[in-house]
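Work through the exercises below with the sequence and the model at hand. Try each task before reading its solution.

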Amino acid sequence: GRVELFDKQAKSVPHMGWNAAQTVHPQENGEAVPSVDDDSRYYFVHSYAVPYTGRGAQRGFVHSATRYVDQVVVSSVWSRNVFATQFHPEKSGAAGLSLLQSFIELNLIRPSLPADPLLRAAEDIRSTLTVRVIACLDVRANDQGDLVVTKGDQYDVRESKDLGGDVRNLGKPVDLAKRYYDEGADEIAFLNITSFRNLPFRDTPMLEVLRQASRSIFVPLTIGGGVRDSVDPDGEHVWPAVDVAGEYFRSGADKVSIGSDAVYAAERYWQRKAGGLEPLDRSTAIEQIAERYGRQAVVISVDPRRVYVSAPEDANGHHVIRTAFPGPNGEQFCWYQCTVKGGREGRDTDVRQLVTACEALGAGEILLNCMDKDGTNSGYDMELISDTKAAVSIPVIASSGAGKPEHFSDVVEQTAVEAVLAAGIFHRREVPIAAVKEHMQAAGIAVRSVDVDNAVL
Ligand code: 1PR
């Protein structure tokens, strides 16, 4: 076969998310076949694939095929005692686990096929990619030193002074993550929100959270916080970001998200470009991690806030949008300023500059937060999200502001994001993940059905 890069004209690349794998030999049914079920969804994350033709040599080994918008690709192969998948059964919830179980328990030697089998035509492979629903857990140590899930209002995670001013405690990271897995989250993100203070390498409780979570949670895990080059407190050891990421991957993460360091990398990228230098020189964490682990493993977490201006010329050359929600002095325009260190410091970089540079540097996905919307329950910032989605061809996750199921369907319909994320409403049990998915489905948006078996397996 021939492996090809996906064409990104009509869709985002990588192909990232839950899609079906449709078996292509209609006559091959019964007990001793790998348990690939046409109605289940499996987790895919890849930029390259073998195009499915259903003809020629493919007839001897293709087991299932998958459509990604305008392209149909081989999603599993089976020949004699070799079975291999393009998707990740180990990250595909109950459906993936039953596939692995069938592989272990059944005697899966593929019998000889008829000389000229008729395979399902590529046109008959349906479009089945779902929109991912992601639960996000902001994690930090509270004042007693325990690692807790917390949640900010516009990034302020402390209770008001009259309530004691403590860090809000919404539960234990692994317990909460497991609950979300059981309830049908398609992905889970942990953000280590104070790691800019500590060396994440030394942050063994956070690594332990990942280790424990990945033992019982079989959907992709993203971890963010502190992915940057770091120096040991003794000042002697420099830990390259790619090693910090490696430690996270070895502890069970599938992707790392980069916040502050991505802003510095983007600034460097544009400075080099302006100076006539080659902007890609393998010096940034994004480039190094993407090169070693693949671009799908690098998520950029963006923490922007609105800066209102009366006229586009007042924005110091930044990418400006006309907003339907004017500023405090009636300003009709705004730009989105990137921040670092958990929103504590604003930079002279806008979101458009950040995401386009990061895509060029090798990032595989954008997690788009919004400080103005975080924790407000007032819905996503549609203007920010559609503007950003239009600027990149990698997947975008909408984040910040979800307050009710309609917010999720609205953002998908209006911006075509690949994934939706929420934190507060899930932590406070205001809206269950199942209710979000039911609502999206009723609105005609494809979602992975909530797998109640997850809890049992
Ligand atoms: O800069 O690479 O060390 O990464 C730090 C990471 O920690 C960044 O990804 C940054 O977004 C995150 N972070 C830092 N401080 C905070 C904070 O809240 N004080 N959390 C923080 C960001 C935003 C989202 C939240 C959504 C949805 N929190 O994670 O989950 O806004 O919330 P909602 O549904 O309740 O509205 P680095």
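**Exercise 1. Find which residues of α1 are buried, and what they pack against.**

Solution. This is a predicted model.
Step 1: start with the helix itself. α1 covers residues 93-105, which is 13 residues. From first C-alpha to last it reaches 18 Å, close to the 18 Å expected at 1.5 Å a residue.
Step 2: pick out the buried positions. They are Gly93, Ala94, Ala95, Gly96, Leu97, Leu99 and Ser102.
Step 3: look for the partners of these residues.

**Exercise 2. Describe α5: its span, its buried residues and what follows the helix.**

Solution. 
Step 1: check the span. α5 (residues 260-274) has 15 residues and reaches 22 Å between its end C-alpha atoms, close to the 21 Å expected at 1.5 Å a residue.
Step 2: list the buried set. It is Ala262, Val263, Ala265, Ala266, Glu267, Tyr269 and Arg272. Glu267 and Arg272 are charged by class, and both are in this buried set.
Step 3: find the partners. The buried residues of α5 pack against the strands β15 (255-258), β16 (298-302), β19 (333-340) and β20 (345-350), and against the helices α6 (285-293) and α7 (351-361).
Step 4: Glycine 276 follows α5 and has a positive phi, near 75 degrees.

**Exercise 3. Classify the crossing of α5 and α7, then sort the contact residues by class.**

Solution. 
Step 1: take the geometry. The two axes come within 9 Å and cross at roughly 85 degrees.
Step 2: classify. Angles from 65 to 115 degrees count as roughly perpendicular. So α5 and α7 are roughly perpendicular to each other.
Step 3: name the residues. From α5 come Ala262, Val263, Ala265, Ala266, Tyr269 and Trp270; from α7 come Gln353, Leu354, Thr356, Ala357, Cys358, Ala360 and Leu361.
Step 4: sort them. The α5 contact with α7 has 11 nonpolar and 2 polar residues, and no charged ones.

**Exercise 4. Examine the backbone at proline 14, arginine 80 and glutamine 154.**

Solution. 
Step 1: proline 14. The peptide bond between valine 13 and proline 14 is cis, with omega about 10 degrees. Proline 14 is in the loop between β1 (4-5) and β2.
Step 2: arginine 80. Its phi is positive, about 50 degrees, although arginine 80 is not a glycine. The residue is in the loop between β7 (71-79) and β8. At 54% relative accessibility, arginine 80 counts as exposed.
Step 3: glutamine 154. This non-glycine residue also has a positive phi of about 50 degrees. Glutamine 154 is in the loop between β10 (147-150) and α2. With 44% relative accessibility, glutamine 154 counts as partly exposed.

**Exercise 5. Is proline 328 buried or exposed?**

Solution. 
Step 1: locate it. Proline 328 lies in the loop between β18 (321-322) and β19.
Step 2: read the accessibility. At 72%, proline 328 counts as exposed.
Step 3: check a distance. Tyrosine 308 is 20 residues from proline 328 along the chain, and their C-alpha atoms are separated by 8.3 Å.

Terms used. Residues are numbered from 1 along each chain as its sequence is written. This is a predicted model: local features need pLDDT of at least 70, side-chain atom pairs count only at pLDDT 80 or more; totals for chains, interfaces and linings use all residues. Side-chain values use heavy atoms; hydrogens and water are left out. Helices (H or I, at least four residues) and strands (E, at least two) are DSSP runs, numbered from the N terminus. The expected span of a helix is 1.5 Å times one less than its number of residues. Buried means under 20% relative accessible area, exposed over 50%, partly exposed in between (1.4 Å probe, protein chains only). Contact means heavy atoms within 4.5 Å. Axes are lines fitted to C-alpha atoms, for helices over the stretch in contact, and angles run from 0 to 180 degrees between N-to-C directions. Angles under 35 degrees count as roughly parallel, over 145 as roughly antiparallel, 65 to 115 as roughly perpendicular and the rest as oblique.
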